[in-house]
Amino acid sequence: MEDENLYNSPYMANRIKEIAKVRNLTMKSILENCNLGSNTFSHMLHGKMIASDSLAKIADYLECSVDYLLGRTDNPEFGTSTLQNSGNHIAFGNSCQNNSIAIGDIARDVSSETEELEQEICSILKRLPLRKRTELLTIMYHYVDENEEKEGE
């Protein structure tokens with residue numbers, strides 16, 4: 001990483017384009033999903049810095065760190081590779097303790113229909129940015145908890 005690229009708007013735009021290419025995403029889809037204007041990348045390529053919250057939205061959508069986009073690190077990964085929140089019963093990865101839904105290795109003897117449904121849910125979740133996955137799973141667990149309370153009455 002060279003210091004001249006640090007906080008350099010055109011360099012940031014090119015990093016975004018590189019990640020988008022690897023993930024088979026178009027610039028248009030990134031901008032639409034992040035609720036950003038259609039000229040955002042053009043402005044960046046011409047040296048205009050975008051707002052920090054816009055950069056954070058792009059980083060979240062691309063599942064990379066803002067530090068990577070800013071040129072502060074050459075590692076695009078977030079600081080943590082797994083997310084576990086036992087209070088909301090959310091787990092990503094190979095283990096999911098006492099949870100009915102696990103994202104990762106699902107090793108159960110279930111019917112093929114149930115297995116197909118789980119695969120479809122996993123596929124949908126994997127296409128979402130990490131924060132959106134977390135929000136969706138939190139809502140799902142809220143409904144599960146709510147349903148269990150009603151059944152217990």
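Analyst: In helix α7, Arg133, Leu137 and Tyr141 are the buried residues. Buried here means under 20% relative accessible area, while exposed means over 50% and partly exposed lies in between, with a 1.4 Å probe and protein chains only. Helices are DSSP runs of H or I with at least four residues, strands are runs of E with at least two, and both are numbered from the N terminus. The model is a predicted one, in which local features need pLDDT of at least 70 and side-chain atom pairs count only at pLDDT 80 or more, whereas totals for chains, interfaces and linings use all residues. Residues are numbered from 1 along each chain as its sequence is written, and side-chain values use heavy atoms, with hydrogens and water left out.

Helix α7 covers residues 130-152, and its 23 residues should span 33 Å at 1.5 Å a residue; the end C-alpha atoms are 33 Å apart, which agrees. That expected span is 1.5 Å times one less than the number of residues.

Helix α7 also takes part in covering another helix: α1, α2, α5 and α7 are among the elements that cover the buried residues of α4. Those buried residues of α4 are Ser54, Leu55, Ile58, Ala59, Asp60, Tyr61 and Leu62. After α4 comes Glu63, which has a positive phi near 55°.

One of the covering helices, α1, can be followed in detail. Two packed helices are described by the angle between their axes and the distance between the axes. For α1 and α4, the axes come within 11 Å and cross at roughly 20°. Axes are lines fitted to C-alpha atoms, for helices over the stretch in contact, and the angles run from 0 to 180 degrees between N-to-C directions. The two helices, α1 and α4, are therefore roughly parallel to each other. Angles under 35 degrees count as roughly parallel, over 145 as roughly antiparallel, 65 to 115 as roughly perpendicular, and the rest as oblique. The crossing of α1 and α4 is left-handed, a word used if the near helix is turned anticlockwise from the far one by less than a right angle. On the α1 side, Met12, Ile16, Ile19 and Ala20 meet Leu55, Ile58 and Leu62 of α4; contact means heavy atoms within 4.5 Å.

Some of these residues return in the largest nonpolar core, which has 21 residues. A nonpolar core is a set of buried Ala, Val, Leu, Ile, Met, Phe, Trp, Tyr and Cys residues joined through side-chain atoms within 4.5 Å. The members that touch the most others are Ile16, Ile30, Met44, Ile58, Leu62 and Leu69. Two or more residues of this core come from each of α1 (9-22), α2 (27-33), α3 (40-45), α4 (52-62) and α5 (66-70). In soluble globular proteins, nonpolar side chains tend to be buried together.

Apart from neighbours within four places in sequence, Met44 is in contact with Ser9, Pro10, Met12, Ala13, Ile16 and Ile50. Thr40 lies in helix α3 and counts as buried at 11% relative accessibility. With neighbours within four places again set aside, Thr40 is in contact with Leu31 and Ile50.

Tyr68 belongs to helix α5 and is buried, with a relative accessible area of 9%. Not counting residues up to four places away in sequence, Tyr68 touches Arg15, Glu18, Ile19, Thr73, Asp74, Asn75 and Pro76.

Most residues other than glycine have a negative phi. Asn24, in the loop between α1 and α2, has a positive phi of about 55° and counts as exposed at 70% relative accessibility. Asn35, in the loop between α2 and α3, has a positive phi near 55° and is exposed, with a relative accessible area of 66%.

As for the whole chain, its secondary structure comes to seven helices and two strands, in the order α-α-α-α-α-β-β-α-α. Buried residues make up 29% of its 153 residues.
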